[in-house]
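Hi,

Here is the structure I promised to pass on.

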Amino acid sequence: MFRWGVLSTAKIGREQLLPAIQDAENGVLTAVASRDVAKARALADRFGAPHAFGSYEEMLASDTIDGVYIPLPTSQHVEWAVKAADAGKHVLVEKPLALDAKDIAEVIAARDRNKVLVCEAFMVVYHPQWIKVRELVQGGAIGRLRHVQGAFSYYNVDATNMRNIPELGGGALPDIGVYPTVSTRFVTSKEPLRIQSTVERDPKFGTDTYSSTKADFGDFHLTFYCSTQMALRQFMVFHGEKGFIEVHAPFNAGDYDHHRIELHNQNHTEATVFRFPATRQYRLEVETFARAAQGGGDAVFTLEESVKNQKVIDAIFRASERDGWEPV
């Protein structure tokens, strides 16, 4: 069994990853670390973990864990991913791993010198609905792909929330803009060449709260918007010459809609629905990571993929400051 430790008591860990680890067939939650040992002990007791630590360093020095999950604020991801790798631990770190693609080089170096597995936690690439979309698109089910369209939005104006604090790495693009980009790249196995974008920032928070992006992949375009101050919505559509595919709850299936995709034919006279009931993408993520860390050879989201995806986000920000196209 892969022995997990979690670095902090953050909400996404409490609500998503720790229940997934608890349910996983090949892993167990062994330790929780927090700068407040009482919080660490309370969360450890909640999930049946035997160890609680009052500092991150103490847990990383412990031989009770094989790897760590890091849901710290974005601005701390690179620092603690490197520290965990240097402690000889495998590392699953929340997205976005970094706020600039060049910063990921430090994490890659730590991974390589310590011979550990380090991955950014993009759970969507382990969901069977996205594996099916990739199979359909690359298998020619919709003919030549011409356009991808998407959106991801929610409403959050809490000034104390890290998503609204620039110093902690807040903002819509780092938090949710990464999903339309990563899913399009995953489905098509292609990279964008250039970007056009508009980005709006909250006058009080200073974070980006809305962006509209057009990415040129050469053979097709991706257009999407994301916002932290709009009504709750998610969708992705892959439109080809012979049909199109709708992904109804592309990133948080089960919360925004059911786990389903629809394949429509050219004349809109037939639709094939693929459903994926009871799929738990976070469980699939932690199980795959654990197998790969223990030498199972499973495909994971690599740091090299992280660099490519972050380059797109970096280019979106640059493009928003000029007219015309910005190269990726």
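Ile195 stands opposite Glu326 in β15. That pair belongs to strand β8 (residues 194–201) and β15, which run antiparallel and are joined by two bridges. (Strands pair if DSSP finds at least two bridges between them; helices, H or I with at least four residues, and strands, E with at least two, are DSSP runs numbered from the N terminus.)

Before I go on: this is a predicted model, where local features need pLDDT of at least 70 and side-chain atom pairs count only at pLDDT 80 or more, while totals for chains, interfaces and linings use all residues. Residues are numbered from 1 along each chain as its sequence is written, and side-chain values use heavy atoms, with hydrogens and water left out.

Back to the sheet: it is open, with nine strands in the order β14-β13-β12-β11-β7-β10-β9-β8-β15 and mixed pairing. At its edges are β14 (271–275) and β15 (326–327), each of which pairs on one side only. α7 packs on this sheet and touches β7 (145–155), β8, β9 (208–216), β10 (221–227) and β11 (229–240), its direction making about 155° with that of β10. Contact here means heavy atoms within 4.5 Å; axes are lines fitted to C-alpha atoms, for helices over the stretch in contact, and angles run from 0 to 180 degrees between N-to-C directions. α9 lies across β8, β9, β10 and β15, at about 70° to β8.

**The six-stranded sheet**

There is also an open sheet of six strands, ordered β3-β2-β1-β4-β5-β6, with parallel pairing. β3 (51–53) and β6 (118–121) are at the edges with a single partner strand each, so one side of each has no neighbour in the sheet. From one strand to the next, the twist averages 25°.

β1 and β2 pair in the parallel sense over six bridges, and Gly5 stands opposite Ala31 in β2. Strand β2 (residues 27–33) is joined to β3, also in parallel, by three bridges; there Ala31 stands opposite His51 in β3. Helix α1 (residues 11–23) lies across β1 (2–7), β2, β4 (67–70) and β5 (90–94), running at about 145° to β2. Helix α8 (residues 281–293) packs on the sheet too, where it touches β1, β5 and β6, and its direction makes about 150° with that of β5.

How much of β2 is buried? Six of its seven residues are, so β2 is largely enclosed by the rest of the structure. (Buried is under 20% relative accessible area, exposed over 50%, partly exposed in between, with a 1.4 Å probe and protein chains only.) Thr30 is found in this strand and, at 8% relative accessibility, counts as buried. Leaving aside neighbours within four places in sequence, Thr30 is in contact with Arg3, Trp4, Ala49, Pro50, His51, Thr64 and Ile65.

In helix α2 (residues 37–46), the buried residues are Ala40, Leu43 and Ala44. Seen down the axis of α2, they fall within an arc of 100°, so they line one face of the helix; the arc is that of the directions from the helix axis to the C-beta atoms. These buried residues pack against α1, β2 and β3. The face of α2 turned away from its buried side carries the exposed Ala38, Asp45 and Arg46.

Helix α4 (residues 77–86) is mostly covered, with seven of its 10 residues buried: His77, Val78, Trp80, Ala81, Val82, Ala84 and Ala85. What covers them includes β1, α3 (56–60), β4, β5, α5 and β6. Gly88, which follows α4, has a positive phi near 85°.

**Two helix pairs**

Helix α5 (residues 104–114) and helix α9 (residues 303–319) pack at about 180°, with axes 10 Å apart. They are therefore roughly antiparallel to each other. Ile104, Val107, Ile108 and Arg111 of α5 make the contact with Leu303, Glu304, Ser306, Val307 and Gln310 of α9.

The axes of helix α6 (residues 128–138) and helix α7 (residues 172–188) come within 8 Å and cross at roughly 50°, and α6 and α7 are therefore oblique to each other. (Under 35 degrees is roughly parallel, over 145 roughly antiparallel, 65 to 115 roughly perpendicular, and the rest oblique.) Trp130, Ile131, Val133, Arg134, Val137 and Gln138 in α6 meet Ser183, Phe186, Val187 and Thr188 in α7.

Cheers
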